Amino acid sequence: MASTDVSTPTLQRHGLSDEQLRAIFRNMLLQRQLDNRGFQLNRQGKVPFALGSEGHEALQAGAAMAFNRGRDILAPYYRDLGLCLGIGLSPYEILLSIFARAADHNGGRQFPNHYSSKAAGLMSFSSILAAHLPHAVGAAYAIKYRGEKGRAVLATCGDGTTSEGEWHESMNFVSVHKLPFVMLVENNEWAISTPLDKQMAEPQIWKRAAGYGMPGRRFNGFDPIETYAAVKEAMDRARDGGGPTLVEGTCYRYLAHSTDDNDMTYRTREAVTERRKQDPVPAFEAVLLEHGIVSSADVNEMRQSVLRETNEATDTAEAQPYPEPSDLYTHVYEGAWQPWQS
Amino acid sequence: MAVVSANSTVMNNVEAVRATLYEALKADDRTVIIGEDVGARGNVFLITKDFVKEFGEHRIIDTPIAEASIVGIAIGMAMEGLRPIAEIQFADFIYPSFNQIVGEAAKTRYRSNGEYTCPMVIRTPYGGGVRGALSHSVSIEALFYHVPGLKIVAPSFPADVKGLLNTAIDDPDPVLFLEHKKTYRLIKGEVPNGHYTIPLGKANVVKEGTQLTVVSYGLYVHWALEAARQLEEEGLSVEVIDLRSIRPMDKTTILGSLEKTHKLLIIHEDNKFGGIGAEISAMVAEEALFALDAPIRRLCGPDVPAMGYAMPLEEEFMSSPAEMAEAMREMVKF
């Protein structure tokens, strides 16, 4: 797009290199491609269920860049595809989850998007919202208890989860004990069909930080660089023994809650289309082009490589075997315990 | 505590829990205790009295009043390498943590295909007979024994408390450890010195007999023993089995006893419908129906929400040793 501006404003990059900015953008492209792939496979009748994170791409790619691989712990929720990619999961691992294959970390037991990987520092979680937050708190306690410097727990949730009692209990406990913990709320304005104004009287979730005696901050989750800066500042404080922070990123859920949801029963297409104008993926592409961090040719090559990688991962994962029926019975306990011992 | 020999010490159940926890804290730096009033107060039954002075606030963790996260935080600690012992102050308060126990702790290993595990103990005092009213008297075992992934222990004697609590602490999976409040100071016994463990899923024949098998656990083991000894004086021979472990449960000991007595009476404080006795009855019906010479009988709590505070309401709820003796007489004479 031709510009008549004589000068381009300097990009506030918060220490991010060109390479990191390109990695963030590639993560965003990959998220969208994998999201679409899950929905496509569902519509093709190949998988019974898929969840999307569209609208969260910038927030998650930016936040993941503030995560130190091999040191930090991530306690995510089920709409965190980009965070999980950003801390090291591969598209193949994502597709194994979508296809519920035996080689999936969960052995095909959990719904898609319920990733876990001990090697990646990615804590196992269920679909029950906020139940994972006390686990994240316990992990942060273990880090502090062992005196491990330079490690922190990044816990995430959507706006919906902030109404759960365990959200409060977790925020309270981490602050009492000044644990190395960051609560990242991805506020996409919808708890399935329930809008923010029916979830809370005060829609600025970050303000609750004051009640817990911890720093709080809100940022534009459509801007991956602003997200990175906010999450990095909070994670650094946590790693340095400065205690927990509540950070709230604003974003939007472009897709229905899942392949089983019809969002047109509770919001209008016009409203979603209006918010699409702010779509963070093309917006960040424009920023990178404007500042010469990528060329149009680079973007094309990235899109093609993301599609290629997704196609290869799809084919490879689909070719993997399902778990055996006998796998139903493993890992109930360590060893072969039965309720009746004989 | 009185030392009666070089090899054992007489303790009550509070002292047995306390001594075992103390040794666990001494033995393993990964062990922490997390719960309400476990620090300066030393637990409401003084089980952890002075622990905080010796082990510090970072290991004896006083929590806010928030049972879901007491269990949930312990799960996270266990997932990341600590060995937490969580305490729910009274079993009646465990309901807010139901999801953390059933939905999370019991499923951590399973849902992660063995990548994450949850080696933790949840201790809680349960049971009535102490004027505890509706919210300090309940039995909770039936709500949890349905759940694969959990193990549940309910010892009756101080020596079993120590051996089974040691096993629970060493166990690689979550264990719900139930301590009957009424037995805390009422029941004393010799406890072997030094470290030992008792395997889960092994019942104990606490009195041998030939005419009737009584299966029980917790406080009622002691009352059933009292009743059985009374019947002994009447010339009736009753065998009493202390389950000790509710999940897993010991099939062999129950069926072995029935081969001898051919009659089964199950006694528990928890209410009858859907209780532990129902599962035992079903197992015996499936596996040993033709060994029976009489219908199985269950003497259990009534199907009301809980025992009341007023003495007559509590007494009406509880089965007395006299009622147990009468049920045993009827069964033997059947």
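Predicted model: local features only at pLDDT ≥ 70, side-chain atom pairs only at ≥ 80, totals over all residues.
**Where the chains meet**

Chain B brings 41 residues into contact with 38 residues of chain A. On the side of chain B that touches chain A, at least two residues come from each of helix H3 (67-79), helix H4 (98-104), helix H5 (108-111), strand S14 (249-250) and helix H10 (251-261) of chain B, and the most come from H3(B), which gives nine residues. Sorted by class, this side of chain B has 16 nonpolar, 15 polar and 10 charged residues.

**Paired strands**

Within chain A, strand S6 (residues 216-220) is joined to strand S7 (residues 245-250), and the path from S6(A) to S7(A) passes through helix H9 (residues 224-239) of chain A in a β-α-β crossover that is right-handed.

| Strands | Bridges | Direction | Residues standing opposite |
|---|---|---|---|
| S6(A) and S7(A) | five | parallel | Gly216(A) and Leu246(A) |

**The nonpolar core**

The largest nonpolar core has 199 residues, and those that touch the most other members are Val153(A), Phe181(A), Val182(A), Val214(B), Ala224(B) and Met328(B). Domain 1 (2-192) and domain 2 (204-333) of chain B each supply at least three residues to this core. When residues up to four places away in sequence are not counted, Met328(B) touches Leu212(B), Val214(B), Ala227(B), Ala228(B), Leu231(B), Val238(B) and Leu265(B).

Conventions. Residues numbered from 1 in each chain as written. Chains lettered and ligands numbered in written order. Contact = placed C-beta atoms within 7 Å. Helix = DSSP H or I, 4+ residues; strand = E, 2+ residues; numbered from the N terminus. Nonpolar A, V, L, I, M, F, W, Y, C, P; charged D, E, K, R; others polar. Pairing = 2+ DSSP bridges. Right-handed = clockwise from strand over helix to strand, strands pointing away. Core = buried A, V, L, I, M, F, W, Y, C linked by C-beta atoms within 7 Å. Buried ≥ 20, exposed ≤ 12 C-beta atoms within 10 Å, placed from the backbone. Domains from an automatic or database assignment.
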